[in-house]
Amino acid sequence: MNKEMTLTDIVGQLEDGMTIGIGGWGPRRKPMALIREILRSDLKDLTVVAYGGADVGMLCAAGKVKKLIFAFVSLDFIPLEPYFRKARQSGAIEVMEIDEGMMVLGLKAAGYGCPFIPTKIGLGTDVINPDVNPDIKVIDSPYDDKEWVAMPALNLDAALIHVDRANSRGVCQIKGPDHYMDDLFVRAANKTYVTCDELVEDGYFSDQEEARYVFWERAQTTGVCHVAYGAHPTSCWPLYSFDVKHFKGYSASAKEENGWENYVNEFVNCSQDEYLEKVGGAEAIKQLPKPTF
Amino acid sequence: MSDLVDLVICAASEAFKDDGEVLVTGIGVVPRLAASLAMLTSNTDIMMTDSEAYIVSEPVPVGPRGDYEIKAETWMGFSRIFDNVWSGKRQLMGGPTQIDKYGQANISMIGSDYANPKVQMLGVRGFPGNSISHANSYFFPQHNKKCFVEGEVDMVSTIGYNPERLPKGYSLDDVDLRWVVTNLCIMDFETPNKQMRIRSLHPGVTAEQVQENTGFEIVIPDNIPETPAPTAEQLEVINKLDPHGVRASAIPS
């Protein structure tokens, strides 16, 4: 089965009001070309689940987000994501704010087909305050006398993931140092759409060392789109690092008059090829220095 | 280099001395250097990560690394971090924005209306899970009433010693809050009711000064030791861990 799609095909499969999970972590390995395609579409009222970075910030800035399920939204070296911050401080979005590990459990519950997974995480905090999170319940245990947080399943209509390489049958490889929770997002989702930096021949994974970096079976992959540098400005290490200069400009735009409109005109309302030219070209992206902390 | 930041790093590193073989995570320059110093001096059993995806067998220096390559020991992607957190074999020293008399910390948002924050910050991140799973200490570069708040913090992101919020089946002893390290003093919760108390005062600081800068009543023992000065060995280790002097701006003057 050939699962190759275009970005436009993928966004055409998404519908208003869907719950969408986005892989990656903060400024790392986000499907940004796909996010920009969503920004160009008239898709709206999304519930977004993510370990958020500029993916979440941009979707908030463009008014695509009805509800955000999050533990953080951060660019790491710029701790506070400027457009997420604006959206929250203007009361523009609904939120379900949970612990990073609760998100793991919610995604796992969805993948397992369970309504919830019990955990002690959240006890004693405002995460279980009904005024903050009315949808998170605390329950008694059939096995002990303690109370437990029933972390609800985070069932996703679609997961959007960027990987290092994939083949047209949907075998996806993440060769970087961390696959984050991407496999959990995939298993929590009804459909998974993947962008890949490199599209490889079917035989690529016959080397067992390469097959070890495949974290879900191809039956979980709905569609594949080849987008070189499709994670920029986030990283897809070891292919390329994240673009500190670009993020600084993006972050500064939030303080400028018409900053978001200007960012969209410059970097969103254009083709991926034009985008790559504007951010310095493929060679420059490959040379981005790896930030150290 | 300011004497204060080195004194604080050395004092804070003592928080990890008796932890044994656990993962220690210091978030921010001062906690990270404190943890790294401990790993190289007072507790060589400590495990530490490169803040990315590996446990390293020696602490990674702060700032630009030049030719330095991390000394990887074990893959430790984010998913495995949570497995470690839930095992309890960890101490975190984080840098929250607010803390209250119960030791409840906040990194999420500032304001009285959760739906409309005055200032949106990071979100609760992993703080709820950290606080109920393993030992936690906190660092504040500026000890004042904006950080040490009256009443509860705006968004309770960690479980603390608050009887009102104690979950069914739990006692205060199930929470393991260790030290609160600031530019003025070190505090702990080693009192019968788990109230915050001054453990040591930095040179030139008085207990009254600490109380004046704290939005709630703290326990002031009769005899409070002075926070010990760094040793020559400790300073040498810190200089190697922070060759560019990133720590110089860690405590605003």
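## Helix 4 of chain A

Helix 4 of chain A, residues 82–89, is mostly covered, with 6 of its 8 residues buried. The model described here is a predicted one. The buried positions of this helix are Pro82(A), Tyr83(A), Phe84(A), Arg85(A), Ala87(A) and Arg88(A).

Within chain A, they pack against strand 2, helix 3 (54–61), strand 3 (65–73), helix 8 (244–253) and helix 9 (259–268), and from chain B they meet strand 9 (119–120). After helix 4 of chain A comes Gly91(A), which has a positive phi near 65 degrees.

Chain A is divided into two parts: domain 1, made up of 7–97 + 155–235 + 270–285, and domain 2, spanning 116–152. Taken over C-alpha atoms, the centres of domain 1 and domain 2 of chain A are separated by 30 Å.

Strand 1 of chain A, residues 19–22, is covered on both faces. Thr19(A) and Gly21(A) are buried on one side, and Ile20(A) and Ile22(A) are buried on the other. This strand runs parallel to strand 2 of chain A (residues 46–52), to which 4 bridges join it. Across this pairing, Ile20(A) stands opposite Val48(A) of strand 2 of chain A.

## The largest nonpolar core

The largest nonpolar core holds 167 residues. Those that touch the most other members are Val48(A), Leu59(A), Leu156(A), Phe185(A), Ile9(B), Ala12(B) and Val30(B). Helix 2 of chain B, residues 29–40, gives the most to this core, contributing 8 residues. Domain 1 and domain 2 of chain A both give residues to the core, so it lies between them.

Ile9(B) illustrates the contacts of one such core residue. Leaving aside residues up to four places away in sequence, Ile9(B) touches Val30(B), Leu33(B), Ala34(B), Leu37(B), Ile238(B) and Arg247(B).

## The six-stranded sheet of chain B

In chain B, 6 strands form an open sheet of mixed pairing, in the order 1-5-10-11-12-13. Its edges are strand 1 (23–26) and strand 13 (197–201) of chain B, each of which pairs on one side only. On average, neighbouring strands of the sheet are turned by 15 degrees against each other, direction ignored. Helix 1 of chain B, residues 3–13, packs on the sheet and touches strand 5 (90–94), strand 10, strand 11 and strand 12 of chain B. The direction of helix 1 makes about 175 degrees with that of strand 11 of chain B.

Strand 11 of chain B, residues 177–182, is mostly covered, as 5 of its 6 residues are buried. On one side, 4 bridges join strand 11 to strand 10 (residues 135–140) of chain B in a parallel arrangement, and Phe139(B) stands opposite Val181(B). Strand 11 is also joined to strand 12 (residues 185–188) of chain B by 3 bridges, and these two strands run antiparallel. Here Val180(B) has Met187(B) as its bridge partner. A hairpin of 2 residues links strand 11 of chain B to strand 12 of chain B.

## Arg199(B) and strand 13

Strand 12 and strand 13 of chain B pair in the antiparallel sense over 4 bridges. Ile186(B) has Ser200(B) of strand 13 as its bridge partner. Arg199(B) is also found in strand 13 of chain B.

Is Arg199(B) buried or exposed? Arg199(B) counts as buried because it has 21 C-beta neighbours inside 10 Å, and the threshold for a buried residue is 20 or more. Apart from residues up to four places away in sequence, Arg199(B) touches Ile186(B), Met187(B) and Asp188(B). Arg199(B) and Val180(B) are 19 residues apart in sequence, with a C-alpha to C-alpha distance of 9.4 Å.

## The contact between the chains

How many residues of chain B are in contact with chain A? The contact involves 37 residues of chain B and 38 residues of chain A. On the chain B side, helix 3 (78–87) and helix 4 (127–133) each supply at least two residues. Helix 3 of chain B gives the most to this side, with 4 residues. By class, the side of chain B that touches chain A has 19 nonpolar, 13 polar and 5 charged residues.

How values were computed:
Residues numbered from 1 in each chain as written. Chains lettered and ligands numbered in written order. Predicted model: local features only at pLDDT ≥ 70, side-chain atom pairs only at ≥ 80, totals over all residues. Contact = placed C-beta atoms within 7 Å. Nonpolar A, V, L, I, M, F, W, Y, C, P; charged D, E, K, R; others polar. Core = buried A, V, L, I, M, F, W, Y, C linked by C-beta atoms within 7 Å. Buried ≥ 20, exposed ≤ 12 C-beta atoms within 10 Å, placed from the backbone. Domains from an automatic or database assignment. Pairing = 2+ DSSP bridges. Axes fitted to C-alpha atoms, helices over the stretch in contact; angles between N-to-C directions.
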